[in-house]
Amino acid sequence: EAERARILAKAAAFAPPPATLPDGRRELVGLSREELTAEMLAMGEKPFRAKQLWHWIYHQGEADFSRMNTIAKPMQMKLAERFVVGRPEVATQQDSADGTRKWLFRFRDKQQVETVYIPSADEDRGAVCISTQVGCTLSCRFCHTGTQKLVRNLTAAEIVGQVMLARDDLNEWPVQGAPKNETRLVSNIVLMGMGEPLYNFENVRDAMKVVMDGEGIALGRRR
C-alpha cells in the first residue's frame, strides 16, 4: 500500500490540466459514453442526447454546436454555454512530397507535441503517429524525445484530438448528403510519438476506447 501511494504521488506531479476551461465550460472530447451521458443527465436531459453528441463529435467531426442540425437550437445554446468540443492548435505544419504530414500541436497550457501522418506508398490509407506525453522519462538513444524531461501526461481529450485534427486536415469526415466514401486515409494509429504510452496508461486507454468505438471514428482494434 505504501508503494502504491508513492507511485500515485509521483504520477500526480505529471498530471495533465483539468478538463474544465477557465470560463467554466467542460471539454467533451475524450469523455466516455458513460461520462457524456452523466453530463447530459446533470443538465436534466435524456440519455439519447449523449448518443446525438457522440455521433456529431466522432462520426461527423463537428466542433460547432450550432451546426449540429439534428439538435434543436435552444439545446444547442445550452450546450455551448456549458461545454466545448476542442481541438489542439496547429503551431506548425510540414508537408512532404510523398504525402507525409508533421504537425506541432499546442495545447491550452502552451505545451506542445508532435504528430505525424505517414501515408501508405501503394494504397489510400495511412498511419497517424500520436504523442501521449509532453517529454519522456526514458532515455532511449535512438529517440530525440528521450533527451527531453517529462513535463506532463496528455489527457484523453488531447490524445483523441490529435487523431481528429489529422482527419480535419485530410478532409476525412463525411459530408452530409454525399455518397458514403469507404476510403480511410487514417486507417491506423501508432503510439510512437512523444512519451511512453504505458506510463500514461489510464488516459491512453480511455482515448483508444473512444477512437475504436464503432459509432464514431471506428478504427479497428487491430489498427
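I count two strands as paired if DSSP finds at least two bridges between them. Helices (H or I, at least four residues) and strands (E, at least two) are DSSP runs, which I number from the N terminus. The model is predicted, so I take local features at pLDDT of at least 70 and side-chain atom pairs only at pLDDT 80 or more, while totals for chains, interfaces and linings use all residues. Residues are numbered from 1 along each chain as its sequence is written, and side-chain values use heavy atoms, with hydrogens and water left out.

**Entry 1: the sheet.** I looked up the strand order and found an open sheet of five strands, S3-S4-S5-S6-S9, with mixed pairing. The edges are S3 (89-95) and S9 (188-190), each of which pairs on one side only. Neighbouring strands are turned by 20 degrees against each other on average, direction ignored. For angles I use axes fitted as lines to C-alpha atoms (for helices over the stretch in contact), and angles run from 0 to 180 degrees between N-to-C directions.

**Entry 2: two hairpins.** S3 and S4 pair in the antiparallel sense over six bridges, and Val90 stands opposite Phe105 in S4. Five residues separate these strands in their hairpin, where Gly99 has a positive phi near 95 degrees. I then followed S4 (residues 101-106) to S5 (residues 112-119), again antiparallel and over six bridges. Arg101 has Tyr117 in S5 as its bridge partner, and Trp103 stands opposite Thr115 in S5. This hairpin has five residues between the strands, and Lys110 in the turn takes a positive phi of about 75 degrees.

**Entry 3: helix on sheet.** Helix H5 (residues 156-169) lies across S3, S4, S5, S6 (126-129) and S9, and runs at about 130 degrees to S4. Contact here means heavy atoms within 4.5 Å.

**Entry 4: H2 and H3.** I found the axes of H2 (residues 33-42) and H3 (residues 48-59) coming within 8 Å and crossing at roughly 125 degrees. That makes H2 oblique to H3 (under 35 degrees is roughly parallel, over 145 roughly antiparallel, 65 to 115 roughly perpendicular, the rest oblique). In H2, Arg33, Leu36, Thr37 and Met40 meet Arg49, Ala50, Leu53 and Trp54 in H3. By class, the contact has five nonpolar, one polar and two charged residues (Ala, Val, Leu, Ile, Met, Phe, Trp, Tyr, Cys and Pro are nonpolar; Asp, Glu, Lys and Arg charged; the others, Gly among them, polar).

**Entry 5: salt bridges.** I require a side-chain nitrogen of Lys or Arg within 4 Å of a carboxyl oxygen of Asp or Glu. The count comes to 17 salt bridges. One of them joins the side chains of Lys78 and Glu45 (2.9 Å, N to O). Lys78 lies in H4 (residues 73-82) and Glu45 in the loop between H2 and H3, so the pair ties together parts 33 residues apart in sequence.
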